[in-house]
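Please walk through the fold of this protein from its overall layout to single residues.

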Amino acid sequence: HMMINKITNKNQLVKYVNETDFKSIYNNKLENMLLYAIHQKMNCIVHNSMDPFNNLLIKHSNKIDKLFTINNFHRNLMYHNNYNGQIYLHNNYVFDNIIKNEIKLKKKFYMSIAYIGRLSKEKNIQAIIDGVNLYNQENRRKSIKLYIIGDGKVELNSLNENIILTGRLSFGEIKEIYNKIDYTISSSFTEGKSFSLIEGLSYGI
């Protein structure tokens with residue numbers, strides 16, 4: 001069984017963790033848990049090798065039972081920086097069906113690309129918009145469309161008819177867009193393992 005705990009008060013949270021038998025797992029959003037007086041060892045997951053959370057994990061490795069990363073590079077980097085606990089590789093992506101290892105030949109180009117994900121500063125989405133606009137200014141006869149799929153509070157500029165903001169979509173709606181784009185694109189400053197790029201690969205993109 002899994003339960004998502006929404007306690008935000010520090011003292012209440014520490015009391016709850018210390019007095020229950022639940023196994024807990026913490027990510028970088030709860031990094032301060034490593035600084036609290038927690039009596040039981042913790043399980044932690046970190047998905048970005050550039051996250052400051054890594055330094056806390058190394059410093060307080062004696063408080064950690066299991067540490068999960070999502071790729072071998074990150075796991076080896078933690079060991080290289082003297083993390084002295086056991087690190088497990090967590091493949092955090094699940095497909096409903098087995099993906100066959102085969103090359104899909106593209107028969108048609110749609111002159112469309114897509115960014116899929118959270119709209120936040122670290123995703124650097126404005127760089128994609130600026131790049132698309134620059135390309136279209138120099139290639140007016142073969143302009144490309146950019147779908148930006150997702151929601152968030154980041155402010156985006158230089159929008160026009162070729163920049164399509166869809167908002168948050170269901171997976172079924174995203175699959176329809178996969179069928180009419182040429183590439184998925186990411187410009188994140190750092191990225192652990194991009195779900196949208198892996199999904200795109202499964203669709204031959």
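A nonpolar core is here a set of buried Ala, Val, Leu, Ile, Met, Phe, Trp, Tyr and Cys residues joined through side-chain atoms within 4.5 Å. Buried means under 20% relative accessible area, exposed means over 50%, and partly exposed lies in between, with a 1.4 Å probe and protein chains only. The model is predicted: local features need pLDDT of at least 70, side-chain atom pairs count only at pLDDT 80 or more, and totals for chains, interfaces and linings use all residues. Residues are numbered from 1 along each chain as its sequence is written, and side-chain values use heavy atoms, with hydrogens and water left out.

The protein chain has six helices and eight strands. Helices (H or I, at least four residues) and strands (E, at least two) are DSSP runs, numbered from the N terminus. Read from that end, the order of elements is α-β-β-α-β-α-β-β-α-β-β-α-β-α. Of the 205 residues in the protein chain, 34% are buried. Contact means heavy atoms within 4.5 Å; among the contacts with a separation of 6 or more, 48% join residues 24 or more positions apart.

Next comes the sheet. Strands of a sheet pair through backbone hydrogen bonds, either parallel or antiparallel. Here four strands form an open sheet in the order β1-β2-β3-β4, with parallel pairing. At the edges are β1 (25-26) and β4 (87-89), each of which pairs on one side only. Two strands count as paired if DSSP finds at least two bridges between them, and β1 and β2 pair over two bridges. I25 has N43 of β2 as its bridge partner. Helix α3 (residues 72-80) lies across β3 and β4 and runs at about 170° to β4; this angle is taken between N-to-C directions on a scale from 0 to 180 degrees, with axes fitted as lines to C-alpha atoms, for helices over the stretch in contact.

The largest nonpolar core holds 18 residues, of which L34, C44, L57 and L67 touch the most other members. Two or more residues of this core come from each of α1 (10-19), β2 (42-45), α2 (53-59) and β3 (64-69). Leaving aside neighbours within four places in sequence, C44 is in contact with I25, Y26, L34, F53, L57, I64, K66, L67 and F68. Another core, of 12 residues, lies apart from it and includes Y115, I128, I129 and V132.

Beyond four places in sequence, N136 touches S143, I144 and N162. The C-alpha atoms of N136 and N162 are 8.8 Å apart, although 26 residues separate them in sequence. Q126, also in helix α4, is in contact with E155, L156, N157 and S158, again leaving aside neighbours within four places. A polar atom of the Q126 side chain lies 2.8 Å from the backbone nitrogen of N157.

After α6 comes G204, whose phi is positive, near 80°.

Key: Polar contact = N/O pair within 3.5 Å; in protein donor to acceptor, adjacent residues only side chain to side chain.
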